[in-house]
Amino acid sequence: MSSPTSLCPEDDPEEVQTACLEEVQTTRLEEVQTTRLEEVRLVLLGWRWPGKSLTGNTILGREEFRLERAAEFCVRRQTETEGRRVVVVDTPGWFSSQDTPSTYQKEIVRGASLCAPGPHAFLLVVPVGMFCDGDRARIEEHVGLFGERVWKHTLVVFTWAEVLKDISVERYIRREGGPLRWVLERCGNRYLVINNNVWGENPQLARLMEAVEEMVAEVGGVYLPQEEQEEVKEEAKMDENQNPQEAPADARDLGARPKQNSAPRLCNKTLQVSGNK
Ligand SMILES: Nc1nc2c(ncn2[C@@H]2O[C@H](COP(=O)(O)OP(=O)(O)O)[C@@H](O)[C@H]2O)c(=O)[nH]1
Ligand SMILES: [Mg+2]
């Protein structure tokens, strides 16, 4: 993971605050005892075109995912590297300037179920460059499709980092402003940079694996789609009891149902959120 210790706070009080926050994070991570994972299961998330598929290829060390702007389905691929299995699920991106159709939303959520029993990490792929509050809101909406607990299992992966040239990613984060920092804080300030021009076994993959192991140690396990599903059912039951009129209206928004059990977390609550847009 990018080392927060390389941060050099300047006079800007906001930057000093960020630095302090990251120091706390460093201290906390140092206390965590990590265990080497024999299998690492990852789900790539992001809007369309930030480099999810290419990042998947970088991780796998070969061209497994097609670079296509209009991908509609999740794709699962795996490799053996340095004595462990790495499973990567590429998901269709969400739409950045219009509502994401519910079929896409369901397919994105299905990505987690392709990593049974559950993904170790969601990699939220963000290209460096302009990041606005609209991007933040879209991330909140779409990552939120997996439920509240997903944030603890998510780390931000910056792509297109070559555009930074000599600027450190920490400085970039500080300069980019509140919306990006909001996302990072939501992800426990976990982030790293992936250089998509270098494939296969290399230090950046080792860093990624370490970051995932740290996160798993911190959270105490993997993200479990089934558990989320149970929780959502309970919530839906409670909502129904409290306000019986609301549930059928949301259910109508679901449209055609995907395969059985294929979208464990696309819940009434979520659709209410996207339906309000
Ligand atoms: N230069 C550069 N190009 C990238 C990077 N990541 C992705 N791309 C390019 O951006 C385009 C979209 O990438 P893709 O992985 O298909 O995006 P996806 O829609 O998120 O899966 C492709 O032309 C990639 O070659 C990166 O880190 N650096
Ligand atoms: Mg793609």
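How many C-beta neighbours does His153 have inside 10 Å, and does His153 count as buried or exposed?

Analyst: His153 counts as buried because it has 26 C-beta neighbours inside 10 Å. The cut-offs are 20 or more other C-beta atoms within 10 Å for buried, 12 or fewer for exposed, and partly exposed in between, with C-beta atoms placed from the backbone.

This is a predicted model, in which local features need pLDDT of at least 70 and side-chain atom pairs pLDDT 80 or more, while totals for chains, interfaces and linings use all residues. Residues are numbered from 1 along each chain as its sequence is written, and chains are lettered from A and ligands numbered from 1 in the order written.

Start with the position. His153 sits in the loop that leads from α4 (133-143) to β5 (154-159). Helices (H or I, at least four residues) and strands (E, at least two) are DSSP runs, numbered from the N terminus.

Now the neighbours. Leaving out residues up to four places away in sequence, His153 touches Pro119, Ala121, Phe122, Met215, Val219 and Tyr223. Touching is a contact: C-beta atoms, placed from the backbone, within 7 Å. Val212 is 59 residues from His153 along the chain, yet their C-alpha atoms are separated by 8.6 Å.

Of the contacts in the chain between residues at least 6 apart in sequence, 76% join residues at least 24 apart. The chain has 277 residues, and 36% of them count as buried. It holds 10 helices and 6 strands.

Next, the largest nonpolar core. Such a core is a set of buried Ala, Val, Leu, Ile, Met, Phe, Trp, Tyr and Cys residues joined through C-beta atoms within 7 Å. This one has 51 residues, and Leu123, Leu124, Leu155 and Val156 touch the most other members. Helix α7 (residues 203-219) gives the largest share, 7 residues. Leu123 touches Leu42, Leu44, Leu45, Thr55, Leu155 and Val157, with residues up to four places away left out.

On to the loop between α3 and β4 (121-127), where Pro117 lies. The peptide bond from Ala116 to Pro117 is cis, with omega near 0°. Helix α3 itself is mostly covered, with 10 of its 12 residues buried. Among them are Tyr104, Ile108, Val109 and Ala112, and also Lys106, Glu107 and Arg110.

Another loop residue, Phe65, is also worth a look. Phe65 lies between α2 and β2 (75-81). It is buried because 21 other C-beta atoms lie within 10 Å. Its contacts beyond four places in sequence are Ser53, Gly56, Asn57, Val75, Arg77 and Asp90. Phe65 and Arg77 are 12 residues apart in sequence and 8.2 Å apart in space, C-alpha to C-alpha.

Strands β2 and β3 (residues 84-90) run antiparallel and are joined by 7 bridges; strands pair if DSSP finds at least two. Their hairpin has 2 residues between the strands. Glu82, in that loop, has a positive phi of about 45° although it is not a glycine.

Glu82 is exposed, because 10 other C-beta atoms lie within 10 Å. Asn189 also takes a positive phi, about 55°, and is not a glycine. Asn189 is found in the loop between α6 (178-186) and β6 (191-193). Asn189 counts as buried because it has 21 C-beta neighbours inside 10 Å.

How values were computed
Contact = placed C-beta atoms within 7 Å.
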